[in-house]
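Please open the structure in a viewer and keep the selection tool at hand.

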Amino acid sequence: MRLLSAICGLVWLWAASAVAQNHPFRYNSYGAPGLIDMPGAFSAPDAELAFSISHFRGQTRNTATFQLSSGLSASFRYAALDNVLGQGDVVHDRILDRSFALHYRLSNETDRWPAVAVGVNDFLGTGIHAGEYVVATKALRSDLAVTAGLGWGRLAGVRGFDNPLGPRFGDRPDRDFGEGGSVSRNHFFKGDAALFGGLHWQIRDDLDVTLEYSSDAMLYADAGDFDRRSPVNIGLTYAPSENLRLSAHALYGSEVGAQLTYELNPRNPPFGGGLDRGPPPIRMAAGISGDLKQALQAEGLVLRGFERRNAVWRVTVANLRYMAAAQAVGRVARVLSNRAPAGITTFDITLMTNGIVGPAVTLQRTDLERHEFALDGAQATLDRAVIAASSDRPPRVPRADLQWTISPYLTPNIFDPDDPLRADIGVALGGSWSPRPGLLLSGTVRQRLVGNLDQTMRRSDSVLPRVRSDFALYDREGDADLIDLTATWYAQPHPTATTRLSVGLLEEAFGGVAAEVLWRPPDSAFAFGIELAQVRQRDYDSDFGFRDYGVATGHASAYWDMGGGYHVQIDTGRYLAGDWGGTLHVARRFRNGWEIGAFATLTDVPFADFGEGSFDKGITFSVPIAWLSGRPSRQTLDQTIRPVTRDGGARLNLQGRLYDLTRSVGKEAIIDSWARFWR
């Protein structure tokens, strides 16, 4: 207790600091902003994504933490715990525990006042790590910072005292976890409270030391027989590179631990601006000879339509290469400037995907010639450009077009209690044929090369129709899998309305017919859609056979672009198991194509019938191949991580839904990526 008193006393020394210091940030053993086991009041740089693994005495914690905004971070943790003392003094040989945590910085550090943060641990999980806290951190000087906090729940296990929030918060009820995964708000900040704190000393840029007073009694560890000799923890961290940190911990006077943390930021690609091949130059109204179609094809663009109208060249182009829509427009403009004769003064450029067109980008040829090498060339070109839906339909050429791709695939299954690290790696062959604009015939075949998903023996115990929980059977049966084979018709009956009709094998587990309509007003932050489908479950071998189960499913959807890259989607309707309810999906999208989000679905299925996890929830992310390789590409690595896969709240995994398609060629996508117009 003397050490804690000394630490708390140091907090008041912040008045001696002339200015607020920017002390280094670190992640604790839970993968959250903090010291060693305890939290801190600092935040990672905005948009940072960190992966950490820590281990000591039968406890391994794997955590992914994303800095959602400058002050808010969210963590998803998957911990393997051995010899755990559970409720009712039941001892579990091994628990694979999944939990979520939130950390919010209420105020920034100033000259005389510390940064203050509040957080909740394990608010969606079994509650083994459940606890809440308020914490303050202040730099005493540029290399030394002090932290002091007040904790509840697990963070009030040692030297607790009456809750300072008053009698109303005095009792913390025993939590009935049921199937796990539910939020128990009546536990927040209730029960006894306790103090914790620590010091962080940055010895040099790549080396730091942390001293911590922990208020965690470690009651769950080693069936309650954990030898907690001291509340003091000491940690040493070495950073061999900018993104990697290695830590060693001396814990509770009896144990040692280790931690590895890797940090990255979607805003900072490993190859900077990229390794794109240089674009063709702007020519001064030369009108050189050559085939326009071939010139565009050399830049990864496909000519879908061409028309000359007086002094205007109007073109419709499919972008097959560039993640940034404006970069595709810029490459088209360069090619047109090379090929157009002197009498052409204006270029009208429209991007198209699957027969869906975006607004026309109108550029004056003289502006291109004037601003190519200007210091503010991108902004000056944008100021002179007109981006708006044309009153005339863009030109289209009815030409059959065959496209195909070969790419690696990874299908992980990381939460199987029998083996949490299952995965398959293989090759996917995808092909599409468009005999006319708007009509797309497509399919995907996958061949597994290595992996162990076929060794999954766990069978579903679901009381609902097994629309997703039998996923292991799809992994085991068959060899080469026909993932999808569809005919899709896209149309735009109105400038604000887009439609889609798909027939065939819609996804790995279901086939049938699905129709969608999207209403998206120009320059509006909102869009609305309806999707209806009649489907039947496919055989486990993923060929052309079907099972007996069929269902009518559909949703009404609302989309909101909140600005700053934040997007909200709400879906309400009937799911694959016949349940009714809604899904909330919140995502953050970056201009370079990264996307990270989280979703939760609540339906009329009772938590007990849903099973483990209580309701469907998870994390989504999409990583552009171009970000990883530096080479231009429109391909992405997409993954949805669920703590557990059950049948309630399951929706069709359809490709080519309208909101994302229209977004890729929309005005917002073009303007947001305009910095790459001249690339």
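Begin by selecting helix H5, residues 377–384, in which Gly377, Ala380, Thr381 and Leu382 are buried. Buried means under 20% relative accessible area, exposed means over 50%, and partly exposed lies in between, as computed with a 1.4 Å probe on protein chains only. Helices (H or I, at least four residues) and strands (E, at least two) are DSSP runs, numbered from the N terminus. This is a predicted model, in which local features need pLDDT of at least 70 and side-chain atom pairs count only at pLDDT 80 or more, while totals for chains, interfaces and linings use all residues. Residues are numbered from 1 along each chain as its sequence is written, and side-chain values use heavy atoms, with hydrogens and water left out.

What covers the buried residues of H5? Display strand E16 (356–364), helix H4 (365–371) and strand E17 (386–388), which are included in that cover. Contact here means heavy atoms within 4.5 Å.

Next, select His371, which is placed in helix H4. His371 is buried, at a relative accessible area of 12%. Beyond residues up to four places away in sequence, His371 touches Gly377, Ala380, Thr381, Arg384 and Trp678.

**The nonpolar cores**

A nonpolar core is a set of buried Ala, Val, Leu, Ile, Met, Phe, Trp, Tyr and Cys residues joined through side-chain atoms within 4.5 Å. In soluble globular proteins, nonpolar side chains tend to be buried together. Which members of the largest core touch the most other members? Select Ile349, Leu363 and Trp674, which hold that place among its 35 residues. At least two residues of this core come from each of H2, strand E13 (301–309), strand E14 (312–319), helix H3 (325–339), strand E15 (346–353), E16 and helix H10 (667–672). The largest share, eight residues, is supplied by H3.

Centre the view on Ile349. Setting aside residues up to four places away in sequence, Ile349 touches Val315, Val329, Val332, Ala333, Leu336, Pro359, Ala360, Val361 and Leu363. A second, separate core has 16 residues, including Tyr474, Leu506, Leu652 and Leu654.

**A glycine in strand E28**

Select Gly597, found in strand E28 (residues 595–603). Gly597 counts as buried, at 8% relative accessibility. Twelve residues in sequence separate Gly597 from His585, and their C-alpha atoms are 7.0 Å apart. Apart from neighbours within four places in sequence, Gly597 is in contact with His585, Val586, Ala587, Gly618, Ile619 and Thr620.

**Aromatic pairs**

How many aromatic pairs does a search of the whole structure find? The search finds 13. Rings of Phe, Tyr and Trp (its six-membered ring) pair if their centres lie within 6.5 Å; planes under 30 degrees apart count as stacked, over 60 as edge-to-face and the rest as tilted.

Select Phe56 and Phe226: their ring centres are 6.2 Å apart and their planes stand at 80°, so the pair is edge-to-face. Phe56 belongs to strand E1 and Phe226 to the loop between strand E9 (207–213) and strand E10 (232–238), so that the pair links parts of the chain 170 residues apart. Both Phe56 and Phe226 are buried.

Proceed to Trp594 and Trp627, whose ring centres are 5.3 Å apart with planes at 80°, so this pair is edge-to-face. Trp594 lies in the loop between strand E27 (580–589) and E28, and Trp627 in helix H8 (residues 625–629), so the pair ties together parts that are 33 residues apart in sequence. Trp594 is buried at 4% relative accessibility, and Trp627 is buried at 10%.

**Salt bridges**

A salt bridge is a side-chain nitrogen of Lys or Arg within 4 Å of a carboxyl oxygen of Asp or Glu. The whole structure contains 36 salt bridges. Select Arg267 and Asp46, whose closest N and O atoms are 3.2 Å apart. Arg267 lies in the loop between strand E12 (255–264) and helix H2 (292–297), and Asp46 in the loop between helix H1 (2–11) and strand E1 (49–56), so the pair ties together parts that are 221 residues apart in sequence.

Finally, select Glu132 and Arg172, which form a salt bridge with closest N and O atoms 2.9 Å apart. Is Glu132 buried or exposed? Glu132 is buried, at 2% relative accessibility, whereas Arg172 is partly exposed, at 25%.
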